[in-house]
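Please look over the sequence and the structure first, and then read on.

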Amino acid sequence: MALPLPRPNLERVVPYKPGKPVEEVVRELKLKGPVIKLASNENPLGPSPKALAALRKALPQLHYYPEDTCYYLRQHLSELYRVDYDSIIVGNGSVDLIYLACLAYLDPGDEMIISAGSFISARIAGTIMNANIIQIPTREYRHDLERILASITPKTKLIYLDNPINPLGTIVNRKELAEFMAQLPEHVLVVLDEAYAEYITSRDYPRGLDFYNQNYNILVLRTFSKIYGLAGLRIGYGFARPEIIQTLMKVRLPFNANRAAQVAAIAALSDTRHVKRSRQVNEAGKAMFYREFKRLKLFYLESYANFVFVNFTVDSSLIFDILQRKGVITRTVKEYGFPTALRVSVGREPENRRFLKALNETLAYLRISTPAAD
Ligand SMILES: Cc1ncc(COP(=O)(O)O)c(C=O)c1O
């Protein structure tokens, strides 16, 4: 029987491929020992304990629909960041908000500019809307803001910038972003995705909120999936001028942020201890990775986030597969244009040690030269 025809541009859509869950790897490879996942930039310390306590209390209310406008969470965010309530939107993860921006602003044939190495969900969302996706290669593993600006046309509606950029972990700095924003034509909305912002203490790191405060056409995205450890609940938020927020509100699904997630998110915002500790563990883990990558003479990028990009001289699937058989799940990044690299999320110390041991064994097995083998 013939099938109904989907929209033709969906032929160009390659669905998002998430990091493999532990359960799937254990099942597929029939692994016995414990498996660790360093594949999706989750918080290895787990959810904020305050969020867990709030969740337990909220569970008996789950037969009620959520607060549709996320009133209480938006109030909390409004106070914490000194942003008007009407300038805040909450989503089913920050990915939801990327999709809403595409749904609200992209007509077929409109242009959306992204870096070739950027978080792939933005490219997928724009392609679903049948926009022309203009991909700008990164320069020295960073967003090439000059080329992005030079690529703007009257048809450009959205520019998606993840800062730090995933999977590279590099940033554009304050000065660079300020110069970029100042040159932006008024018909363009910048979606500035700051999924990893809370991990960053560097003074070089620009806060998207500053540009919102200067009334630029910017949608600043944040998430509870990373440092707050709530990826499984799916909740993120955004700041933008109220007119932009109203537009996004028109296209969202009713109840797009669930009741449990809203309650947990409010509690997580006040859990400064958990945030601080998560940052410390992340910094220590990255330092451990760098030391070992240096010793192994591997190319890596210093990361502002909770993952590290490391490059090899062989197809990364080889390394990925062997690591996985050793019970360590990492992530290939071929779809981002890096066929020989892996992205490894930073874990707790024992997990990091286990990954580095497995990596050493893998490289020795593949006879990839290391100082020890030289
Ligand atoms: C840059 C970036 N934005 C957004 C997300 C997803 O965030 P959320 O879980 O809030 O949808 C990720 C996840 O890896 C990411 O790297």
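**A sheet and its helices**

In this predicted model, four strands form an open sheet in the order E9-E10-E13-E12, with antiparallel pairing. Strand E9 (299-300) and strand E12 (331-333) stand at the edges, and each has a single partner strand, so one side of each is left without a neighbour in the sheet.

**Strand pairing**

- Strand E12 pairs with strand E13 (residues 338-345) in the antiparallel sense, over 3 bridges.
- Arginine 331 has arginine 343 of E13 standing opposite.

**Helices across the sheet**

- Helix H11 (residues 272-295) lies across E9, strand E10 (307-311) and E13, and runs at about 10° to E10.
- Helix H12 (residues 316-325) lies across E12 and E13, and runs at about 35° to E13.

**Packing of H11 with H13**

- Helix H11 also packs with helix H13 (residues 349-365), at an angle of about 15° and with the two axes 10 Å apart. Because angles under 35 degrees count as roughly parallel, H11 is roughly parallel to H13.
- The crossing in which H11 passes H13 is right-handed.
- On the H11 side, the residues in contact are Gly285, Met288, Phe289, Glu292, Phe293 and Arg295, which meet Glu349, Asn352, Arg353, Phe355, Leu356, Leu359 and Asn360 in H13. Sorted by class, this contact of H11 with H13 has 6 nonpolar, 3 polar and 4 charged residues.

Note on methods: Residues numbered from 1 in each chain as written. Predicted model: local features only at pLDDT ≥ 70, side-chain atom pairs only at ≥ 80, totals over all residues. Heavy atoms only, no water. Axes fitted to C-alpha atoms, helices over the stretch in contact; angles between N-to-C directions. Helix = DSSP H or I, 4+ residues; strand = E, 2+ residues; numbered from the N terminus. Parallel < 35°, antiparallel > 145°, perpendicular 65-115°, else oblique. Left-handed = near helix turned anticlockwise from the far one by under 90°. Contact = heavy atoms within 4.5 Å. Nonpolar A, V, L, I, M, F, W, Y, C, P; charged D, E, K, R; others polar. Pairing = 2+ DSSP bridges.
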